Amino acid sequence: MAIDNSHITVHVLFFGAARDAAGAEEMDIELKAPATAATAREEILAAYPELQRFGKSLLFAVNQEYAEAVRSIDDGDEIAIFPPVSGGGDVGTAGILPASSSPDFFELTTDAIDVGDVARRVVLPKCGATVTLDGYAREWTKGRRTLYLVYEAYPPMALSEMKKLGAQLHEKFDIAYVGIVHRTGRLEIGETSVVISVGAPPRRAACEACEWAIRELKRTVPIWKKEVFEDGEIWVEGEGVSSPAG
């Protein structure tokens, strides 16, 4: 019996506002072969025209990595589709990406975050300061009263992207360690959504690294934030990374 190589089957995940537009969380989809990220994008948008409203801002990841247009797609690959991340489903218990012998740590959790615990988790003798950024849910956004927030993540890719940020921080700044803990699920006003802790011998390096880290986290790490207002709700979309598969 001849084997039909004209099609492949991929597993597609939808996140944030893209999930709402597609009306599905995940499914198996058959694509024409040979396939690339670009051709896969075309076929999926044709099958789910509501996704076309995102235009070129819609992002694709293949096997938990941002995909260039020419990236080949193989049978059984996992494709994730999502709008630009905002920095902030339930991911269950905390997901932790080990950093081998490094003091760095990167985590997702559905539990309340203890800012003091994160800030003092690593105290190195060579450091003269630890700078900690505590991001939390605010009540008012552009004149609209927020009732609560909902954060959703693509856990394995989010942790991987956090680790990449950590590596970049060590290259760019004179720091000793970085820790990032991000919460997912529902957050009430005043609750902490993310903590970034950076230790360094010079205080200035830790300050600069912390500011850079939160900016890049909101741009590249696949975590989305839904704001629920008194008069409606909206998924918050950032500028995101460029759209490689567009």
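Author: A112 counts as exposed, because its relative accessibility is 61%. Exposed means over 50% relative accessible area, buried under 20%, and partly exposed in between, with a 1.4 Å probe and protein chains only. This is a predicted model, in which local features need pLDDT of at least 70 and side-chain atom pairs count only at pLDDT 80 or more, whereas totals for chains, interfaces and linings use all residues. Residues are numbered from 1 along each chain as its sequence is written, and side-chain values use heavy atoms, with hydrogens and water left out.

A112 lies in the loop between β9 (105-109) and α3 (115-119). Helices (H or I, at least four residues) and strands (E, at least two) are DSSP runs, numbered from the N terminus. Although T192 is 80 residues from A112 along the chain, the C-alpha atoms of the two are separated by 7.2 Å.

The partners of β16 come next. Two strands pair if DSSP finds at least two bridges between them. Strand β12 (residues 144-153) runs antiparallel to β16 and is joined to it by seven bridges; here L149 stands opposite E227. Strand β17 (residues 232-236) also pairs with β16 in the antiparallel sense, over five bridges, and E233 of β17 is the bridge partner of V228. With two residues between them, β16 and β17 form a hairpin.

The cysteines may be considered last. A disulfide is a covalent bond between the sulfur atoms of two cysteines; here the criterion is a pair of cysteine sulfur atoms within 2.5 Å. A search of the whole structure finds zero disulfides. For C210, the closest cysteine sulfur is that of C207, and because 7.7 Å separates the two sulfurs, they are too far apart for a bond. C210 is buried, with a relative accessible area of 3%, and C127 is also buried, at 18%.

Across the chain, 49% of the 246 residues count as buried, and the secondary structure comes to five helices and 17 strands.
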